[in-house]
Amino acid sequence: MADRILKTISTRGLKNAVRGSEYKREALISYGILIIGYIVLQLGAVGGLIGRNLQGQFVPICVYVSLAVSLNLVVGISGELSLGHAGFMAVGCYSGVLMSRILLPHIGFEPAIVLVSMIFGAVLAALAGFVIGIPILGLRGDYLAIVTLAFGEIIVNLMNVIYFGFDKDGKLKFAFNHAIEDIENSDRIIAGAIGATGTKTMVTFTMGLLLCLFTVFVVLNLKNSKQGRAIMSIRDNRIAAESIGLNVRKYKLTAFVVSAALAGMAGTLYGLNFSTVAPTKFNFNTSVLILVFVVLGSVGNIWGGIIAASILTVLPEVFRQFADYRMLTYAIVLILVMIATYNPTIKARVKAVWTKINPVKKKDKDKGKDKKRKKSGKEVA
Amino acid sequence: MKTKFTKFMAAALAAVMAFALAACGGGGSGEGGDAVLKIGSTGPLTGPAAIYGNAVKNGGQLAVDEINAANADGIQLSWQAEDDEHDPEKAVNAYNTLMDSGMQILVGPTTSAPAVAVAEKADADRVFTLTPSASQAAVTEGHDNVYQLCFNDPNQGTAAAQYILANMKDKKVGVIYQQNDYSQGIYEKFKAEYEGAGNKIVATEAFAKDDEKDFTAQLNSMKNAGADLVFVPIYYTPAANILTQADKMGYNPTFFGVDGMDGILTAENFDAKLAEGVMLLTPFVASAEDEATQKFVKAYVDAYGEEPNQFAADAYDCVYAIYNAFKETGLDASASTEEICDAMIKVFNGGFTSSGITGEEMKWNENGEVDKTPKACVIENGVYVQK
């Protein structure tokens, strides 16, 4: 009964109920993009069409795609602005790297190490998300954004003073705020401002793809579940949602913690792809970068985020030919793309082309679009 | 108006996409064949650390141009520097870009964290690597093909102790170090070398935080022990506080720092006059009067309009060291990257020496660490003067 009321409160929930095909379409496109992209890139790499530069970015692209999809859960589906996503990535990265070094002497099969490390990274990141989520999820909008930003900074500062390593007997040692004394360089795992060091890299593109698929699977299923509809109804009309007895804090926390756990997994994958990762990687810039992926891919749109994350990761590398003007070109292109994506004229053109290809759904689509636009207009006002 | 704008946007985006596709298609070509030895380099050319990467880029270019102009042995070099933004992820991308364009030898990366990440890749690909300035010990560790031209962090401690033993043997030495990765490593090596020679450090004190303000306890300990030389292997910010407080106490020993001390003259809220008489180990002083340095500084100023720093000098020396070693291998530039790597490792491990502006008769051990005579300078009238 409550579920049906929920569907009536949430505009998108309603849409889901009326047209269950919406979910299927989104899932189909998201999985399709990932799998086709994977096949094309793999074939290109095997066939020698793709250079080493792009091949080296396969795993980072997967990491950023996962991060964008998981942040979309908070920003798009739960409707909260989070500027600390890189913080959860950092927790996952460090704990995953730590776990991989502990397991390395005991397990020979590397994918198993990656899997266990990733689960460990996800658990600790989820824990961080839980601990942080409890006090701050009462806040809304800009206030939450600022608090999450501060959280991200705290994480980077903590990373700067954490030391892990093995002593001479192979025992795990931990030190806070000072280096571990009497330790071989190669036995250091995490060394303060130097970061995670001496990591054995063991990630493949296939693992990256699996992580992306898993992330999309979790987010889409959550979105389409009873909890997901509750989360979206809170986003769309908090008072109405509360009035039917929804526990707002619980549902917001669910989205936040799941998003943190997924970011933690992506962080582990990132950490195990490079032999060193410095804490500065996880600063405010990375959080904003992930948010840019989400915004450019259209907030709430899973496959849009996948495409945006892939293109924006590759773009700075493509511009290497501009030498000194590389980052400038990247920034200008970003501005152009942002303007173009949100230009109503261009949007109308794209829609016109789309309806030409796909004339049957025209009426249906237009209705949905209008409703959405009215809705967002209200939110802005 | 609007349609015009739209058309412009469409055109701009189309152009960008075309560029993107064109660039994606490239790669995998260019290895061997031509008689130019392709040297690649990575460093931060953009972002907050850009000053280091650009110095390396320019210093290396200068050396390559000189060698090509002289054309003494028929060996021609090419130089390609890529931006790594001081980020390991981007450094791996930059390295892969260089590999795509057929790099045979790597001079870089410029900074430590990117160097640790790239060293692993270069080891797997068998690319001979000589980094000008990445000073962490972990850069060369476990890689037989990675060498450093700068002293690594801990070895600065050894070098400082050797210098003090050779030139200021009768001073009573005290140490103030910071409990961080950089300082602690230097202190331990310094202690081993100095006390190994039968001398005794009269007092040792440590502190933890970067922004530590109060050093009276540490300075009193030095003063009571009668130390007249205080070794401070720390960064210039805490060093500035130490100098200020020592002056207030009326305690005036010789302070002796390492490369982290570089920058003391421009430290914030610090009276640069207090730095008079401070000594530091630094591989390069632009005001040095020897002929090689003067020639390099003049050429650099002519080419780039600014005075070179230590990173430029390191890169300049790297290119000459590679050139000299490559001549000894007897290979020509069409050799494969792996052949060059194996041959260069043999030369570098086989007693090869190269002289440059950051050190005379530099030689390398099998761990890739450099051995060269440390150069010390003293701050006099607000400038570094070489001792």
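**View 1. The open sheet of 5 strands in chain B.** In this predicted model, an open sheet of 5 strands in chain B has the order β2-β1-β3-β4-β5, with parallel pairing; two strands count as paired if DSSP finds at least two bridges between them, and the helices (H or I, at least four residues) and strands (E, at least two) are DSSP runs numbered from the N terminus. The edge strands are β2 and β5 (146–148) of chain B, each of which pairs on one side only. Strand β1 (residues 36–43) of chain B is joined in the parallel sense to strand β3 (residues 105–106) of chain B over 2 bridges, and Gly40(B) has Leu106(B) in β3(B) as its bridge partner. Helix α11(B) packs on this sheet, where it touches β3, β4 (128–131) and β5 of chain B, and its direction makes about 50° with that of β4(B); contact here means that the C-beta atoms of two residues, placed from the backbone, lie within 7 Å. Helix α2 (residues 50–70) of chain B lies across β1 and β2 of chain B and runs at about 170° to β2(B); such angles run from 0 to 180 degrees between N-to-C directions, with axes that are lines fitted to C-alpha atoms, for helices over the stretch in contact.

Residues are numbered from 1 along each chain as its sequence is written, while chains are lettered from A and ligands numbered from 1 in the order in which they are written. Since the model is predicted, local features need pLDDT of at least 70 and side-chain atom pairs count only at pLDDT 80 or more, whereas totals for chains, interfaces and linings use all residues.

**View 2. The packing of helices α10 and α11 in chain B.** Helix α10 (residues 310–329) of chain B and helix α11 (residues 337–349) of chain B pack at an angle of about 105°, and their axes are 9 Å apart. This makes α10(B) roughly perpendicular to α11(B), a term for angles of 65 to 115 degrees, while those under 35 count as roughly parallel, those over 145 as roughly antiparallel and the rest as oblique. On the α10(B) side, Ala325(B), Glu328(B) and Thr329(B) meet Ala343(B), Met344(B), Val347(B) and Phe348(B) of α11(B). The residues of this contact divide into 5 nonpolar, 1 polar and 1 charged, where Ala, Val, Leu, Ile, Met, Phe, Trp, Tyr, Cys and Pro count as nonpolar, Asp, Glu, Lys and Arg as charged, and the others, Gly among them, as polar.

**View 3. The open sheet of 7 strands in chain B.** A sheet of 7 strands, also open, has the order β7-β6-β8-β9-β10-β13-β14 in chain B, with mixed pairing. Its edge strands, each pairing on one side only, are β7 (203–207) and β14 (383–386) of chain B, and the twist averages 25° from one strand to the next. Strand β9 (residues 254–257) of chain B pairs with strand β10 (residues 279–281) of chain B in the parallel sense over 2 bridges, and Leu280(B) in β10(B) is the bridge partner of Gly257(B). Helix α5 (residues 153–167) of chain B packs on the sheet, touching β6 (173–178), β8 (229–232), β9, β10 and β13 (376–380) of chain B, with a direction at about 130° to that of β10(B). Helix α7 (residues 216–225) of chain B also packs on the sheet, where it touches β6, β7 and β8 of chain B, and its direction makes about 175° with that of β7(B).

**View 4. The contact of chain B with chain A.** This contact takes 40 residues from chain B and 42 residues from chain A. On the side of chain B that touches chain A, α1 (2–25), β2 (76–83), α3 (88–100), α4 (112–125) and α6 (181–196) of chain B each supply at least two residues, and the largest share, 11 residues, comes from α1(B). By class, that side of chain B has 17 nonpolar, 14 polar and 9 charged residues.

**View 5. The hairpin of β1 and β2 in chain A.** Strand β1 (residues 162–166) of chain A is joined to β2(A) by 5 bridges, and the two strands run antiparallel; Tyr163(A) has Ala175(A) in β2(A) as its bridge partner. The hairpin has 5 residues between the strands, and within it Gly170(A) takes a positive phi near 80°. Of the 5 residues of strand β2 (residues 172–176) of chain A, the number buried is 0, so this strand lies largely in the open; a residue is buried if 20 or more other C-beta atoms, placed from the backbone, lie within 10 Å of its own, exposed if 12 or fewer, and partly exposed in between.
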